[in-house]
Amino acid sequence: MVSSSPMRQHVETGQKDNGDGDFKTELLALIPFLRAFARSLTGNQEGADDLAQETLVKAWQSRATFIPGTNLKAWLFTILRNQFYSDRRRAWRQAPWDQDAAERIPGGGEDQIFSAQLSDTARALRVLSDEQREALILVGAGGFSYEDAAAICKCAVGTVKSRVARARKALMEILDGDDTLAGVTRPAEGDAAREIMAQLDRLAPPETGETGGKRRPK
Amino acid sequence: MQWDNTVSNDEKPNEKARAIRARQRAIGRELRRMYDDVAQEPVPDDFLDLLRRIDDAEDARTGKKVS
């Protein structure tokens with residue numbers, strides 16, 4: 001006799017799957033978004049698809065802890081993100097490297113080989129900190145609310161808001177170089193991150209409010 | 001870059017703020033495009049195979065338990 005978990009409130013069909021079939025159908029439908037989020041985290045296709053597949057397996061194994069009626073997409077993204085950071089921590093332990101250097105170099109680390117194929121925006125995204133990048137992708141591309149993004153990233157809503165705002169400013173600086181409005185110039189790659197930090201300091205004094213990047217319509 | 005605070009302090013910042021917002025919107029569109037491009041790719045067979053394997057494992061497991 002199979003007793004269904006109290007978390008799983010699906011209608012009993014009398015068939016063998018107790019709603020697992022539904023769960024699987026929903027997983028299938030969300031695979032494209034898992035791949036897209038994974039791609040933005042890893043910066044390369046192969047690593048991203050491995051990550052998305054690991055996520056599917058983890059999600060399937062943990063399906064009893066998913067509360068039906070809550071946001072499955074956000075639940076899956078949380079698993080994917082946890083998996084990404086735990087895989088990477090493991091990789092660091094196995095092959096220590098200079099993280100600071102990797103973060104200064106666009107396309108540094110594992111996605112170096114692929115950077116030639118990436119658009120300017122994709123490359124600029126690699127320069128952002130992990131925290132800024134994931135916040136910007138979730139809110140700016142994935143369509144998540146600040147609240148859902150905060151739950152996925154395990155931080156406060158205000159923290160997500162400020163990360164997104166900083167990420168947007170930083171991306172613009174990276175893409176547009178010294179002259180924010182030129183829209184065409186591209187900084188020399190190695191100098192990009194240092195240059196952004198310097199520009200952020202100059203352009204975004206703590207009081208803010210003047211650049212428009214943070215201003216939100218009511 | 002510094003504003004020239006000795007001359008008209010009103011118009012330039014507004015213009016600049018507008019231009020920045022327009023640029024931010026363009027970057028936002030590009031981010032969504034990148035994300036949507038991946039999301040619109042057909043799901044690779046590996047993924048479908050993986051879900052099928054999960055199925056098989058599940059059949060084996062529940063088959064054992066139910067009988």
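## The main core

The largest nonpolar core holds 49 residues. Those with the most contacts inside it are A:Leu34, A:Leu80, A:Ala135, A:Ala149 and A:Leu171. Such a core is a set of buried Ala, Val, Leu, Ile, Met, Phe, Trp, Tyr and Cys residues joined through C-beta atoms within 7 Å. Buried means 20 or more other C-beta atoms within 10 Å of the residue's own.

Several elements of chain A give two or more residues to this core, among them helix H1 (20–42), helix H3 (72–94) and helix H8 (157–176). Helices here are DSSP runs of at least four residues. Domain 1 (16–96) and domain 2 (98–203) of chain A both contribute, so the core lies between them. The domain bounds come from an automatic or database assignment.

## Model and confidence

This is a predicted model, where local features need pLDDT of at least 70, side-chain atom pairs count only at pLDDT 80 or more, and totals for chains, interfaces and linings use all residues. Residues are numbered from 1 along each chain as its sequence is written, and chains are lettered from A in the order in which they are written.

The complex has an ipTM of 0.72 and a pTM of 0.68. Chain B has a mean pLDDT (confidence per residue, 0 to 100) of 79.

## Helix H5 of chain A

Of the 8 residues of H5(A), 6 are buried, so this helix is largely enclosed by the rest of the structure. A:Arg123 and A:Arg126 are among the buried residues.

## Chain B

Chain B has 2 helices and 0 strands. Of its 67 residues, 12% count as buried.

How values were computed: pLDDT = per-residue confidence, 0-100.
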